[in-house]
Amino acid sequence: GFPPAGRKGGFLDLRAGAAVELEPPPSGSKVVGLPELIELARQHGRSGDPRIRQKLARLFAFTRVGEWTARRSEEEMAKGGGAGFANLGKLAQTRTLKLSGEIGCDILGAGATLWPPDGPGAGRYSEALVFACASSIYGGTDQIQRNVIGERALGLPREPDPLKGTPFAEMSQRMAALFGRAS
C-alpha cells in the first residue's frame with residue numbers, strides 16, 4: 001500500500017474533509033492558496049484527475065520548499081550571511097503564483113475565462129492567473145533575479161557590458177554603432 005499522507009511524507013490526500021497543513025493566503029489576496037485549490041478540485045469533481053493531482057502535489061512541494069527556504073534565509077541573515085536568499089524567494093514566489101493560477105483555471109476549464117463578477121468565485125481564478133504574470137516583473141524581473149543570484153550568491157562573473165563607462169550623451173550613437181543602425 002501507499003504510505004499515509006502527513007508530515008513525514010506520503011501522498012497529498014484530496015479526500016473530502018482531509019486537512020492540508022498550510023496557512024491560506026490573507027483575506028482579499030489575489031493569491032489562490034493550496035487549501036482553496038484542493039477544495040475547488042473537490043467541488044468540481046476534479047480531485048481524482050491525475051493531471052490536477054500532479055499539479056497540486058507540485059504546488060504543495062513548491063510551497064513547502066518556499067517555507068523551508070524562508071526559515072533558512074532568516075537563520076543565515078541572523079548570522080550575517082544569506083546573500084541571494086531574497087532573490088531565490090522572489091523566483092520561488094513567482095513560480096508558485098503562476099502554478100496556483102494555472103491550477104485554478106485548469107480545474108474550472110472554460111469557466112475560468114470569465115472575468116469578475118461573472119466568473120467562478122466572482123472571477124477570482126481568472127484574476128489570480130492574470131496577476132501571477134506580473135510577479136515575474138515587479139520587484140525585478142526573473143532574469144535580473146537570476147543574474148543577482150549568480151553574481152552575489154554563486155560568485156559568477158558579471159555579464160559583459162560593452163557600453164560600461166560610456167557617457168549618456170554618447171549612448172545612442174554607440175548603440176547605433178553596435179547594432180548597425182544610423183542615428
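Predicted model: local features only at pLDDT ≥ 70, side-chain atom pairs only at ≥ 80, totals over all residues.

**Helices and their contacts**

Student: Which residues of α4 (residues 124-134) are buried, and what do they line?

Tutor: The buried residues of α4 are Y125, S126, A128 and A132. Looking down the axis of α4, you find these buried residues within an arc of 160°. They therefore line one face of the helix.

Student: How do the axes of α1 (residues 34-43) and α2 (residues 50-78) run relative to each other?

Tutor: The two axes come within 10 Å and cross at roughly 170°. An angle over 145 degrees counts as roughly antiparallel. So α1, relative to α2, is roughly antiparallel.

Student: Which residues make that contact, and what is their class?

Tutor: From α1 come L34, L37, I38 and A41, while α2 brings I52, L56, L59 and F60. By class, the contact of α1 with α2 has no polar and no charged residues, and eight that are nonpolar.

Student: Is A153 buried, exposed or partly exposed, and which residues does A153 contact beyond its neighbours within four places in sequence?

Tutor: A153 lies in helix α5 (residues 142-153). Its relative accessible area is 39%, so A153 is partly exposed. Leaving aside neighbours within four places in sequence, the contacts of A153 are A83, G84 and V148.

Student: How far apart are the C-alpha atoms of A153 and G82?

Tutor: Along the chain, A153 and G82 are 71 residues apart.

Note on methods. Residues numbered from 1 in each chain as written. Heavy atoms only, no water. Axes fitted to C-alpha atoms, helices over the stretch in contact; angles between N-to-C directions. Helix = DSSP H or I, 4+ residues; strand = E, 2+ residues; numbered from the N terminus. Parallel < 35°, antiparallel > 145°, perpendicular 65-115°, else oblique. Contact = heavy atoms within 4.5 Å. Nonpolar A, V, L, I, M, F, W, Y, C, P; charged D, E, K, R; others polar. Buried < 20%, exposed > 50% of the residue type's maximum accessible area, 1.4 Å probe, protein only. Arc of directions from axis to C-beta.
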